[in-house]
Amino acid sequence: MFRILLFWAILTITSNAESTASFTPNGRLTIEKPWLRATPKGVVVSAGYMKIINSDESEERLISAESDISNRVEIHSVNIKNGIVMMRRIEGGLVIKPNSELILKPGSFHIMFLGLKRPLNHGEHLSVNLNFQNSGQIKVLFKVDNQKNNFAL
Ligand SMILES: [Cu+2]
C-alpha cells in the first residue's frame, strides 16, 4: 500500500511540474513553456521554443544555448523573402528588453538543434543550457512535443 501511495505522489508532482511549465531561476528572468519539436525517424534537426520574460530594469541577452542531444545548437530567426522561408543564425544573441518578453515560436525565433544524435520522442524532457549575458548559464528542461499540424521551423 505504501508503495502505491508513493507512486501516486510522484505522478502528482510530475504532472504539476508539467502543467506549470514556468520557472523563475533568479527573480529577474522567467522561462515559460519550453518545448522542443519531436522528430520522426531520420530527421536530424529540431527546434526549441519558449517565452522569456525579463522583469529586470536592465536589458538581458540570450547569447547561446548548449545541449548534448545534438552536434550543434544555434539561435535562429526566420525570414520570408519572395515567398521562400529562410532561417538565419543570429550573431550576438537575442535581446530581451527591460520589463518585456520575447517569444520564440514556430515561424519566428527558435533554438536550432543541428545533427541530432537520436530522434526526440513526444513526452520526454531534455535538458538544455541557456547562456544569458547577465544571468549566466541556466539549465532548462524542454518538453518534447509532437505538433504535427505546424512543421514550420
Ligand atoms: Cu533554424
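Colleague: In which sense do strand 2 and strand 11 pair?

Modeller: This is a predicted model, in which local features need pLDDT of at least 70 and side-chain atom pairs count only at pLDDT 80 or more, while totals for chains, interfaces and linings use all residues. Residues are numbered from 1 along each chain as its sequence is written. Strands are DSSP runs (E, at least two residues), numbered from the N terminus, as are helices (H or I, at least four), and two strands pair if DSSP finds at least two bridges between them. Leu-36 stands opposite Val-144 in strand 11, and the three bridges between strand 2 and strand 11 run in the sense called parallel.

Colleague: What pattern does the protein chain follow along the sequence?

Modeller: The protein chain has one helix and eleven strands. Read along the sequence, these elements give the pattern α-β-β-β-β-β-β-β-β-β-β-β.

Colleague: Which residue in strand 3 is the bridge partner of Leu-36?

Modeller: Strand 2 and strand 3 run antiparallel and are joined by six bridges. Among the residues of strand 3, the bridge partner of Leu-36 is Gly-48.

Colleague: Which residue in the turn between strand 1 and strand 2 has a positive phi?

Modeller: Strand 1 (residues 22-23) runs antiparallel to strand 2, with two bridges between them, and Phe-23 stands opposite Ile-31 in strand 2. The two strands form a hairpin with five residues between them, and the turn residue with a positive phi, about 85 degrees, is Gly-27.

Colleague: Which residue in strand 9 stands opposite Arg-72?

Modeller: Strand 9 (residues 110-116) is joined by four bridges to strand 3 (residues 45-54), and these two run antiparallel, with Ser-46 opposite Phe-113. Strand 9 also runs antiparallel to strand 5 (residues 70-81), to which six bridges join it. In strand 9, the residue that stands opposite Arg-72 is Leu-114.

Colleague: Why is Ile-52 counted as buried?

Modeller: A residue is buried if 20 or more other C-beta atoms, placed from the backbone, lie within 10 Å of its own, exposed if 12 or fewer, and partly exposed in between. Ile-52 lies in strand 3. Ile-52 is buried because the number of other C-beta atoms within 10 Å is 22.

Colleague: How many Å apart in space are Ile-52 and Ile-31?

Modeller: Two residues are in contact if their C-beta atoms, placed from the backbone, lie within 7 Å, and Ile-52 touches residues including Leu-29, Ile-31 and Leu-62. Although Ile-52 and Ile-31 are 21 residues apart in sequence, their distance in space, C-alpha to C-alpha, is 4.8 Å.

Colleague: Over which residues does pLDDT stay under 50?

Modeller: pLDDT is the predictor's confidence in each residue, from 0 to 100. The protein chain averages a pLDDT of 85, and 83% of the residues score at least 70. The stretch where pLDDT stays under 50, for which the model has one contact beyond four places in sequence, is residues 1-20.
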